Amino acid sequence: MSNNQIAIIDYNMGNLRSVQKAFKKLGSNAIITNNIDTIKDSSKIVLPGVGSFKDAMKHLEELNLIELLNNEVLSKKKPFLGICLGMQLIASKSYENGETDGLQWIDAEVVKFEFNGQKLKVPHVGWNNVNIKGYNPLYEGIEDNSDFYFVHSYHFKTEDENIISSITDYGFDFVSSVQKDNIFAFQFHPEKSQTVGLKLIENFINFVG
């Protein structure tokens, strides 16, 4: 296993090049791949993505990546970074276009933004501040309430307060990041969030568990 190779999972759900570019800017050996042996040989795993939860799970299944990810992340405890759709996919299920099972790494649901009378646009697009809750090593050196860039119509909902590492206000407080052991996941796009986003990615690159 390569000590510094980071696998950015290619499962046909877009947004991979901008993520790789951010990692490369920080000097990381990050490669876009869906090759099973290459993923096994990587020390860390990144699952980015935008678009449909249902399509994403279908693509992961067709590429034989679900069992592999379960083994590499849950069993081998490789550091994992989920971004946007990649965060949502680790939940138990999503209610986008019916009910779809996720990777089920975290007891959570993915639900659409619904507002009681407030005229807020969906998707939630643009810069919004992130209220850090508790300790998350990937927020090291990042000020509380820093702005990050969001693009999403669905949000992550969990009753497990212990894993919530930040919340963001968009009509109500929603979960904008979680951490469970070696699993880190963020609803916003650090690769599009300028200096603070690069700092978060740098912290993931340097994370040793």
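Buried denotes under 20% relative accessible area, exposed over 50%, and partly exposed in between, computed with a 1.4 Å probe and protein chains only. The structure is a predicted model in which local features need pLDDT of at least 70 and side-chain atom pairs count only at pLDDT 80 or more, whereas totals for chains, interfaces and linings use all residues. Residues are numbered from 1 along each chain as its sequence is written, and side-chain values use heavy atoms, with hydrogens and water left out.

**View A. Positive phi at K77.** K77 is not a glycine, yet its phi is positive, at about 60°. K77 lies in the loop between α4 (66–75) and β4 (80–83); helices (H or I, at least four residues) and strands (E, at least two) are DSSP runs, numbered from the N terminus. K77 counts as partly exposed because its relative accessibility is 45%.

**View B. Positive phi at Q194.** Q194, a residue other than glycine, has a positive phi near 55°. Q194 belongs to helix α6 (residues 194–206). With a relative accessible area of 57%, Q194 is exposed.

**View C. The cis peptide bond between V122 and P123.** V122 and P123 are joined by a cis peptide bond with omega of about 10°. P123 is placed in the loop between β7 (109–112) and β8 (124–132). Most residues other than glycine have a negative phi, and most peptide bonds are trans.

**View D. The loop residue E161.** E161 is located in the loop between β10 (154–157) and β11 (164–169). The relative accessibility of E161 is 60%, and therefore E161 counts as exposed.
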